[in-house]
Amino acid sequence: MLGETLRLFVGDDWAEAHHDVELMDSTGRRLAKARLSEGVAGMARLHAMVAEQLGDRADEAEVIVGIETDRGPWVTALIAAGYRVYAVNPLQAARYRERLAVSGAKSDAADAHMLADMVRTDAHQLRPVAGDSAQAEGVKVVTRMHKTLIWERTRHLLRLRHALRDYFPAALGAFDDLAAPEALELLAKASDPAAAAKLTIGQITTVLRRARRRGDLAERAVRIQAGLRTEHLGQPAEVAAAYAASVRALVAVLGTLDAQVEALQQEVEAHFGRHPAAEIILSQPGLGPVLGARVLAEFGDDPHRYASAKARKNYAGTSPITRASGKKKVVTARFVRNDRLIDALMAQATYAIRWSPGARAYYDKQRAREVDYNAALRQVANRLVGILHGCLKSGTLYDEATAWSRPAEARVA
């Protein structure tokens, strides 16, 4: 039809080394398919396939791509080429696949066909890959790795605790904080019960000084020494020696993780501090440089991504969902969500109710309605997301005097 935009639909089923792609027209007819290698050569072949189908109408055509990821150099190259890219959730793709093949049959080529057909018929139900700035992408990279290393440190600390409980339970009672520098150094120095029992007050005090502990170090050293010498049910010498070797390895890994977490935190703060939205985000109650960076990283900075505060809340996972059928109606929390984002937002809410009178009053109001702690905190987080949305849309800093007086949406010009 004259004046109608020419659209080409591309399904891209990706793997680490290759991509199965299919090109489809607006009627659902397959135009071409191929298996492309990952990298520059594969991307060039895809562009050639697209150009061959569009011919001299390439400049006026719209190329729409469905792929089950929203990151990586391949996706970046697709966006740079001017294609409209939809990152299809794998769960959505699996449900759509069942519509096309009830037998359960599956192949890479069939998935490419399914993804092309999905963006052809249901693009209005999908979320396009956000057009975040390079600055926001940089913040996302360092903040995600920073949080990942913190999670890894926690996992290794739990492994250390489990190992000690199995052969040296007295060590668990000797230290108030197993992750403290003095605990790790002393366990590295004397990881088996016999060696730990020989540690002197002077040796322990020296380690406490190196850890920059204050107060009565001698008294603390006496307490640690007594704890390490406490009688406990142990293991045979050969088994204890094996456990001790394992503990030394875990302590070494924890030391490296601690150093890298600290180094990456500096990178997080540096990248976040250079972002134009940093000042607005830092003005929000409960957000410092690290939590603020996580919130920015997971929300992104595409100004067109969230049409309203409600859309941002839904993406955040702080808003509830309603299941209604006939006379039955149930309101529950969202569990399909960005775990990194909800973790940061719930931490923000925890800090906000301590320092923001408005947040505290809103929290107390929920508790007065007999809402439990987690649900009340989630509602505070939900309100804070709305306030942040209003501030970002209007380009204004958080104002405690007006932020809680009316809905955040009403403050957006």
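Predicted model: local features only at pLDDT ≥ 70, side-chain atom pairs only at ≥ 80, totals over all residues.
**View 1. The largest pocket and the residues around its centre.** The space in the largest pocket comes to about 1400 Å³. Its lining is made up of 42 residues. Closest to the centre are Asp70, Ala87, Arg127, Arg305 and Tyr315.

**View 2. Elements that line the largest pocket.** Two or more lining residues come from each of α2 (73-80), α3 (90-100), α5 (134-167), α13 (289-299), α14 (309-316) and β6 (321-325). Among these elements, α5 gives the largest share of the lining, 5 residues.

**View 3. Residue classes in the lining of the largest pocket.**

View 4. The volume of the second largest pocket is about 260 Å³.

**View 5. Elements that line the second largest pocket.** Here α12 (278-282), α13 and α17 (373-394) each give two or more residues to the lining. The most come from α17, with 4 residues. The helix α13 is listed for the second largest pocket and also for the largest pocket.

**View 6. Residue classes in the lining of the second largest pocket.** The lining has 10 nonpolar residues, together with 4 charged and 2 polar ones.

Methods:
Residues numbered from 1 in each chain as written. Heavy atoms only, no water. 1 Å grid on protein atoms, 1.4 Å probe; cavity = no way out; pocket = protein on both sides within 12 Å on 5 of 7 lines; lining within 4 Å. Points joined across faces, edges and corners; volume = space filled by probe spheres on them. Nonpolar A, V, L, I, M, F, W, Y, C, P; charged D, E, K, R; others polar.
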